[in-house]
Protein chains: 2
Amino acid sequence: MEFYYYSIIAGALAIVVAAICAMMVLKRDEGSERMRGIAEAIREGAYAYLRRQAITIAVFTIILSVLFAFSLSSGVKIVLAFLIGAIASYLTAYLGMSVAVRSNVRTARAAEKGLNPAFRTAILGGAVTGFAAVGFSLIGLGALLAYFTTDQIPLLIGFGFGASLISLFARVGGGIYTKAADVGADLVGKTELNLPEDDVRNPATIADNVGDNVGDCAGMAADVFESYSVTLVAALLIANSIPGATAGHLFSYPIYVAILGVFASIAGIYIAKVGRRSNIIGALYKSILVTVVIAAVLDYALTYMLKLPMGYFVSVLSGLVLAFLLFWVADYYTGSESNSVKKIATASTGGAGTNVIMGLAVGLRTTWMPAIFVVAAILVSYIAAGNSVYGIAIAAAGMFSLTATILTIDSFGPITDNAGGIAEMSQLPHNVRKITDALDGVGNTTKATTKGFAIGGAALSAVALFVAFANAVGITKTGINVLNPLVTAGIFIGAMLPFIFSSFLMEAVGHAANKMVEEVRRQVRTIKGLMQGKAKPDYARAVDIATVNALRSLALPEMVAILTPIVVGLVFGVQALGGLLVGMIPTSFMLALFMANAGGAMDNAKKYIEGGKFGGKGSDAHKAAVVGDTLGDPLKDTAGPALNSMIKVVSTISILLAPLFLAFALVH
Amino acid sequence: MEFYYYSIIAGALAIVVAAICAMMVLKRDEGSERMRGIAEAIREGAYAYLRRQAITIAVFTIILSVLFAFSLSSGVKIVLAFLIGAIASYLTAYLGMSVAVRSNVRTARAAEKGLNPAFRTAILGGAVTGFAAVGFSLIGLGALLAYFTTDQIPLLIGFGFGASLISLFARVGGGIYTKAADVGADLVGKTELNLPEDDVRNPATIADNVGDNVGDCAGMAADVFESYSVTLVAALLIANSIPGATAGHLFSYPIYVAILGVFASIAGIYIAKVGRRSNIIGALYKSILVTVVIAAVLDYALTYMLKLPMGYFVSVLSGLVLAFLLFWVADYYTGSESNSVKKIATASTGGAGTNVIMGLAVGLRTTWMPAIFVVAAILVSYIAAGNSVYGIAIAAAGMFSLTATILTIDSFGPITDNAGGIAEMSQLPHNVRKITDALDGVGNTTKATTKGFAIGGAALSAVALFVAFANAVGITKTGINVLNPLVTAGIFIGAMLPFIFSSFLMEAVGHAANKMVEEVRRQVRTIKGLMQGKAKPDYARAVDIATVNALRSLALPEMVAILTPIVVGLVFGVQALGGLLVGMIPTSFMLALFMANAGGAMDNAKKYIEGGKFGGKGSDAHKAAVVGDTLGDPLKDTAGPALNSMIKVVSTISILLAPLFLAFALVH
């Protein structure tokens, strides 16, 4: 049987697992009427946003489809691949979020029975996103591989670009939404009105919980779906350029690695349970470790059975180890007991100014270890594969074969965050809230560590995409000459791109958060009895403000990301475009690490102080740390992660339109 | 006569101009005893720091000299060039600062007579640094050219590295000192004790004024001396690699361009006067414009007389135009009435969190125009010179031929800043302080705009240095293949370097500022009658704390900058090292622009609010803006500018040790 049928079967299996998880969650109890009411409001807000975002995406998708259909030979097949990629990605995000917005209230309810039931509910809810992502990707890719003839394999990039486009929208839009609501809610709620987190009297609190779902759940799902898909596409394209690969096993190997990852992940999720010692984070790390070890064993067996050189297994293993190291290093720098976090907390005693100085210093510092790890993985996987870039491609495939587990653990974050919010707003008993708070705390940590995985993985798969680009434009042998000033020009533009792209997102959050602040202040002023808890705030209005402002800010950064490579490619040609990718990929990687880790560390520094250090909650040090946390929010949840999507959109569109640039560029 | 004698003569002329300016300043009146006492204290602190910094530098210099002497063929001559470069740089910084610490009090005194006398005093004081820098550089280079035989021309890089090393120390040490003192003084003084800027009762106020001199004056002098010197060295090395260039005029052309810049600058400084309309900034811009126009005319005549292709003149002109555009764009983004500044000020109404979010957003945004300008200058100068990298080298030479004027205007900043401080501390009459405040305000703007010039110029000369590196390692034809994973590894490490380097500096400032805060709090607590103005604070102790902490933080970032290229070159070879430069130069450029402009804009947003907007001084918006200003301080005056020096140290040492890497690298 052709290997792509295995891909479709494994994908279908993943979907079945997702469906089982969904059913297991949905049959659980939803709790009291009050809890259901709050969950309903969050659900409505989330769907409303996703529906309106779909319209914006549809416009872009149609325009690009028409462009591709008319400008590229095999345009129709490219468009088909593109649409399948886009639809599969949106479906993942939509279904995953649909379950997440139902798992939150059930997790809160399950917390009344104890820690492990609540933990399992959140894990199962998250697993729906995790397995849906790999399932749809494997089915989509398998189907396209079955349909395309051998010489049409390069058209697979359309699938990757479809996934990238949706990821860019979901990451950017969701990221702006979630932080505008979060920052807005905190700024007035906590600082001006002295309300606790998720207080029912805060008009922005539902919007804040909606944001967790549209940003951290749907956005992250689309992001990881994309990384998974483009990594496999890049591996296939690179394998395809090796003479005779499609006949042998080199071509199917990365797909098999991905398939084995599904089985490893099923085991990893199955064993995720909180034991007697209530060690939540330990349970999650065990789950990852089990997935990594089983994947490694299966990959070894695979390599052996296919009679491929064992060096290939070493390449895959280097990807698996890299995943684990990236987890560790994110925790090392941003974990709640880390030295970096304590440094920032100590600096808070000098005021908000020294807090943010130290926060940015820590963020800048965190780039070096991940950079060394990624470099080491590149070198090891290249050498192990017999000095071949194919090694880098299968290392990335190995790393992303863990996707189902990683994404499950990541989606655990917004579900438990929401569960905490619902418990607070429904005024559940103290012991229940203690459980949801503990889960929420761990969710914050896993959100930071999976971000480290996503950023490092994106860098590795972008390197693979760059190799695919070099193949597509035929510069594999010559390389690109950085002494050519057109290449220099491309490098500078590429290094600049992540800076301006993230500037749009930071500004959008600042702007939308201010609108939210104004709205909350208005409601507090005009709705009588609001602060006394006698009148309900107008949640829907706040939700609407976040929605409108997030969508309004989408178009400009999207267009910059999509148009820059097109303009550079058409005007300055493929050498300059290659330079652009060379300048963009590492710069974007460092900037994303800086932003994500600075934000994560400042967040935990605030929590460290809230734990009673330096005067605890309400002290001057705490107020200073709140400022740092506010700055950290859009850094870690909007700008930083969106860079992942940006580099892949730019890379995939460069490969996709390579024939156009080769034929029509003004300069050669 | 050989052209290098002209270089020595023009250098001597520049030194004479500097001496005349120094005499004109020193014969002016020093004012009252009180003023002299304060100036004396600042002077002592500045000398104390420079002396102790010299010891640290001497240790590094001796170690490196021994290393070079024993490891390189022609090691002794390299060491000679290295020591001449280092000594010339330190002399420039030392002499320039010596006059600056005497011009400050004379400027304050002259302000009693009126705006123009004060303005002229500050300009003449600044001109000493400006002309000393170009003078020592032209003499040093001319002497080495006279001494070296034709085949020893590559050894000139030793001179460039000497200048780079001093620049790195002066920029890093001075930058940490000045911002530790500034932030420390502000945090307690303004926020906790409600004292105005430069209040005599603030124990950190002398240290703050010392910082202006060791950071903004000595640090900037060494930085620009370095850019000027390495640009000329790079141009000479590139010209030297063109067959027959040493025989014709290609080799002497960049030196002639530099020489003509001295004459243009003399005219530019001569006409710098404030007329009846008291337009200080207008006077400075006129001075720059006159320098640019005269330089352009002279360069045209030069090209014509040497019978060189007019395309070369176009290359030089593109450098001159780039200088002007970089000035304009820095002002566009950070000027006190710019949209960006207003955006940040508006965001301050939401609190410190939204202020810093918007501040960073603005900083990130400011990268795009300078990047486009530099790219345009690279392309234009390359094409105009007949598709030759020589064009880029002479564009950089053209840009830096403006050095004397630019550095004069830059040094104007710390002198007027100090003059304001002395006027405040000596309690001079209101009308005098109005004049010193106006000059100080303009000084702040010129400090921001000259930083834009320095960063853009550093990028351009780093590109020229990269070409020189490619020549040195013999990869001009082949280029470097970015598909080689060693090169990829180098690129990632290079992109990471500016992030960790600046993280050390940010942390050092945060740390030292906290020490300063503790000391000021201690003095306020223990010295009775301090706050009532009855007892004098212990200024010397605060000066000492800034000195010790700045010097203590020097070693680590210096070693990272010096050792990284050595380790990469020795272990992974010249291809990887080339990758490192390719990754580092654009990333560093963007990061420096981001930091410098974010800081500048946040500074002016605070001033905008102090001008009465959004509630003015003391309002909540103002408090929020003070936090942004505190973060902006080390961004714009420590981390951002130090990146200029870092990229040139890394580039020059890569060229210098190229023979070593070619012979002994573990991997080839």
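Colleague: Which residues does B:Asn597 touch, not counting residues up to four places away in sequence?

Modeller: Two residues are in contact if their C-beta atoms, placed from the backbone, lie within 7 Å. With residues up to four places away in sequence left out, B:Asn597 touches B:Ala330, B:Tyr333, B:Thr334, B:Gly363 and B:Thr366.

Colleague: What pLDDT do local features need in this model?

Modeller: Residues are numbered from 1 along each chain as its sequence is written, while chains are lettered from A and ligands numbered from 1 in the order in which they are written. The model is predicted: totals for chains, interfaces and linings use all residues, side-chain atom pairs count only at pLDDT 80 or more, and local features need pLDDT of at least 70.

Colleague: Does B:Asn597 count as buried or exposed?

Modeller: B:Asn597 is placed in helix H18 (residues 555-610) of chain B; helices (H or I, at least four residues) are DSSP runs, numbered from the N terminus. A residue is buried if 20 or more other C-beta atoms lie within 10 Å of its own, exposed if 12 or fewer, and partly exposed in between, the C-beta atoms being placed from the backbone. Because B:Asn597 has 32 C-beta neighbours inside 10 Å, it counts as buried.

Colleague: How many residues along the chain separate A:Thr129 and A:Ser411?

Modeller: A:Thr129 lies in helix H4 (residues 115-147) of chain A and is buried, with 33 other C-beta atoms within 10 Å. Leaving aside neighbours within four places in sequence, its contacts are A:Gly96, A:Ala100, A:Cys217, A:Ala221, A:Leu407 and A:Ser411. The C-alpha atoms of A:Thr129 and A:Ser411 are separated by 7.2 Å, yet along the chain these residues are apart by 282 residues.

Colleague: Is A:Ser74 buried, exposed or partly exposed?

Modeller: A:Ser74 has a positive phi of about 60 degrees although it is not a glycine. A:Ser74 lies in the loop between helix H2 (33-71) and helix H3 (75-110) of chain A. With 18 other C-beta atoms within 10 Å, A:Ser74 is partly exposed.

Colleague: Is B:Asn194 buried or exposed?

Modeller: B:Asn194, a residue other than glycine, has a positive phi near 55 degrees. B:Asn194 is found in the loop between helix H5 (157-192) and helix H6 (205-240) of chain B. With 9 other C-beta atoms within 10 Å, B:Asn194 is exposed.

Colleague: How are H4(B) and H7(B) arranged, roughly parallel or roughly antiparallel?

Modeller: Axes are lines fitted to C-alpha atoms, for helices over the stretch in contact, and angles run from 0 to 180 degrees between N-to-C directions. Angles under 35 degrees count as roughly parallel, over 145 as roughly antiparallel, 65 to 115 as roughly perpendicular and the rest as oblique. The axes of helix H4 (residues 115-147) and helix H7 (residues 253-270) of chain B come within 11 Å and cross at roughly 170 degrees. H4(B) and H7(B) are therefore roughly antiparallel.

Colleague: Is the crossing of H16(A) and H18(A) left-handed or right-handed?

Modeller: H16(A) and H18(A) pack at an angle of about 55 degrees, with their axes 6 Å apart, and are therefore oblique to each other. A crossing is left-handed if the near helix is turned anticlockwise from the far one by less than a right angle, and right-handed if clockwise. H16(A) passes H18(A) in a crossing that is right-handed.

Colleague: Which helix supplies the largest share of the side of chain A that touches chain B?

Modeller: The contact takes 63 residues from chain A and 63 residues from chain B. Among the helices of chain A that each supply at least two residues to this side are H5 (157-192), H16 (485-526) and H18 (555-610). The largest share, 19 residues, comes from H16(A).
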